[in-house]
Amino acid sequence: MTARPDRDGAEQLGLLGTAWEEAAQHWQDEVARRFDADHWTPLAQRSRAYLEALGTMMDVLQTAERDTEF
Amino acid sequence: MTGSGGTNRVHADIDALKGFHEALVRFRYAQRGVAERGGDQIEMTRASLAAKASRWQSRLEQCQAELDACRAGGGEEAADCSAYARAVEQTGERLEHIRRWQQRVDIEASEFGGTASAYLDLLDSDLPRAESQLLAIITSLEAARRVPAAET
């Protein structure tokens with residue numbers, strides 16, 4: 001297995017989080033709070049959950065390959 | 001938008017929102033790629049396990065044929081076929097081991113498929129909506145800032 005997609009995905013989420021923090025420093029009105037609650041927080045949470053599930057799946061695949069090499 | 005202390009500050013906040021918008025678009029494409037690669041890895045491992053199962057199935061059949069030949073080829077004295085019998089047993093165990101892994105990968109992939117599908121829906125519909133909303137906010141901010149500038 002080459003570079004793991006779950007790790008690349010986590011790196012991308014980190015970059016997006018940094019961009020959000022930068023924007024949030026300048027954007028603190030009611031519209032920003034609604035955008036945070038309606039879009040950013042659900043996106044970040046669901047992305048983390050997906051990447052965790054993907055990581056578990058990749059672990060299973062790696063173990064399956066390793067455990068069936070006779 | 002907080003504060004309005006000068007031109008640089010005004011541009012800084014809009015630029016930050018534009019930066020976040022661009023990051024969102026990049027993220028959507030990157031995560032689609034991540035999801036695609038995840039699916040590819042699952043299919044590659046399935047294919048690899050299927051090839052291994054096929055290889056060990058052939059080996060099992062060969063070992064079984066050798067055992068049968070040994071048992072059939074004995075003259076008056078019964079031949080010692082224990083080595084052939086052990087090979088059949090060991091090969092069969094390995095084949096079963098691979099098949100158990102095939103089943104486990106199928107089960108895990110099926111469970112993961114639900115999560116992956118929901119996430120792809122988010123990437124394909126929710127995220128573009130968020131991008132559009134953000135773009136509209138940026139556009140309205142730019143328009144609002146241009147009005148006083150044009151009046152002076």
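A salt bridge here is a side-chain nitrogen of Lys or Arg within 4 Å of a carboxyl oxygen of Asp or Glu. This is a predicted model, with local features needing pLDDT of at least 70 and side-chain atom pairs pLDDT 80 or more, while totals for chains, interfaces and linings use all residues. Residues are numbered from 1 along each chain as written, chains are lettered from A in written order, and side-chain values use heavy atoms, leaving out hydrogens and water.

**View 1. B:K52 reaches across to chain A.** B:K52 pairs with A:E65, the closest N and O atoms sitting 3.0 Å apart. B:K52 also forms a salt bridge with A:E69, at 3.1 Å. That pair runs from helix α1 of chain B to the segment after α2 (30–67) of chain A. B:K52 is buried at 4% relative accessible area, whereas A:E69 is exposed at 53% (buried is under 20%, exposed over 50%, partly exposed in between, with a 1.4 Å probe and protein chains only).

**View 2. The contact between chains B and A.** Chain B brings 44 residues and chain A brings 41, contact meaning heavy atoms within 4.5 Å. Four salt bridges link the two chains.

**View 3. B:E131 meets B:R28.** Their closest N and O atoms are 2.7 Å apart. B:E131 belongs to helix α2 of chain B and B:R28 to helix α1, 103 residues away. B:E131 is buried at 6%, and B:R28 is buried at 10%.

**View 4. B:E96 and B:R99 in a salt bridge.** The N-to-O distance is 3.6 Å. About one helical turn separates these two, because they lie three residues apart in helix α2 of chain B. B:E96 is partly exposed at 37%, as is B:R99 at 33%.

Conventions
Helices (H or I, at least four residues) and strands (E, at least two) are DSSP runs, numbered from the N terminus.
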